[in-house]
Amino acid sequence: AQFFNSRMVEEGIADAHQRRRAGFIRYAWSGEGFYRSPVGQWQFTHEPDPSRFKYVIGGDCAEGLEVSDNDVLIVIEIRHDANEVIGFWRGKEPSKPMHAMMIHHLADWCKSSATAIERNFPGNSVNDQLAQMACRGLYLQSRRDEGDIHGGMFPRYGWQETARTRSLMLGQLQASLLKAWMPNNDVDTVPLIVPFPEIWEELRTFVMMNKKAEAARGSRDDCV
């Protein structure tokens, strides 16, 4: 069974394709920063304007290999009436130092208020390198050091997915999308606008299997 509301997903896909036809701005990234390019992998609905809005960066790191999942980064613009995904990248970056540098440049460009990169196996290296770069808004999860008899704390950077945090994240995502696409519902949350078809396509193939929400066989859920 489809996890996300099917009517909402189909309307979201149609709207996203219409927005794309209206035109997105393409950017590429070099080791020195972002620049406009008609063949760039980065897509933006408009340029970030940190003088007016706050921005949050979210990301999922993969191994960067051809047979592995995709690396994904998104930029969310925080507004009074709604939040919107304004920037999106999906690709493969095998060099985790380069991946970290791209995120660092992105956070500086947006003056990111929060930069939350999942702390999975490849994400450990990326988060640690971002910490060394003093990346803007890097998500910090403090955990008690069980080996310290004084109960000391040590820093762990990045967002840790657990059964609990995954459930909370998916529930909040579902509620925010429903608020954007079905505003008459009673969900008390801030709407999230998603204008990129690639994200909606992965939401479409995100299903419940064996009592777990995950990508359908043959599909991926890196964007989710």
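The following legends describe close-up views of a predicted model.

**View 1. Helix H4 and its packing partners.** Helix H4 covers residues 163-181, 19 residues in total, and reaches 27 Å from its first C-alpha to its last. This span is close to the 27 Å expected at 1.5 Å a residue. The buried residues of H4 are Thr165, Arg166, Leu170, Leu173, Gln174, Ala175, Ser176, Leu177, Leu178 and Trp181. These buried residues pack against two helices, H1 (6-22) and H5 (197-204), and against strands E10 (192-193), E11 (206-209) and E12 (212-215).

**View 2. The crossing of helices H1 and H4.** H1 and H4 pack with their axes 11 Å apart, at an angle of about 65°. Angles of 65 to 115 degrees count as roughly perpendicular, and H1 is therefore described as roughly perpendicular to H4. The crossing of the two helices is left-handed. On the H1 side, the contact involves Met8, Glu11, Gly12 and Asp15; on the H4 side, Gln174, Leu177, Leu178 and Trp181. By class, the residues of this contact comprise 4 nonpolar, 2 polar and 2 charged. The H4 residues Gln174, Leu177, Leu178 and Trp181 are also listed among the buried residues of that helix.

**View 3. Helix H2 and the residue that follows.** H2 is built from 15 residues, and the distance from its first C-alpha to its last is 21 Å, close to the 21 Å expected at 1.5 Å a residue. Its buried residues are Lys96, His99, Ala100, Met102, Ile103, His104, His105, Leu106, Ala107 and Cys110. Lysine 111 follows H2 and has a positive phi, near 50°.

**View 4. The crossing of helices H2 and H3.** The axes of helix H2 (residues 96-110) and helix H3 (residues 121-132) come within 9 Å and cross at roughly 50°. H2 and H3 are therefore oblique to each other, and their crossing is right-handed. Lys96, Pro97, His99, Ala100, Ile103 and His104 of H2 meet Pro122, Ser125, Val126, Gln129 and Leu130 of H3. The residues of this contact divide into 6 nonpolar, 4 polar and 1 charged.

View 5. Valine 72 belongs to strand E5, which spans residues 71-78. Its relative accessible area is 4%; buried means under 20%, so valine 72 is classed as buried. Beyond residues up to four places away in sequence, valine 72 touches Gly58, Gly59, Asp60, Phe88, Trp89, Arg90, Asp222 and Cys223. Glycine 91, 19 residues from valine 72 in sequence, lies 6.6 Å from it in space, C-alpha to C-alpha.

Terms used: Residues are numbered from 1 along each chain as its sequence is written. This is a predicted model: local features need pLDDT of at least 70, side-chain atom pairs count only at pLDDT 80 or more; totals for chains, interfaces and linings use all residues. Side-chain values use heavy atoms; hydrogens and water are left out. Helices (H or I, at least four residues) and strands (E, at least two) are DSSP runs, numbered from the N terminus. The expected span of a helix is 1.5 Å times one less than its number of residues. Buried means under 20% relative accessible area, exposed over 50%, partly exposed in between (1.4 Å probe, protein chains only). Contact means heavy atoms within 4.5 Å. Axes are lines fitted to C-alpha atoms, for helices over the stretch in contact, and angles run from 0 to 180 degrees between N-to-C directions. Angles under 35 degrees count as roughly parallel, over 145 as roughly antiparallel, 65 to 115 as roughly perpendicular and the rest as oblique. A crossing is left-handed if the near helix is turned anticlockwise from the far one by less than a right angle, and right-handed if clockwise. Ala, Val, Leu, Ile, Met, Phe, Trp, Tyr, Cys and Pro count as nonpolar, Asp, Glu, Lys and Arg as charged, and the others, Gly among them, as polar.
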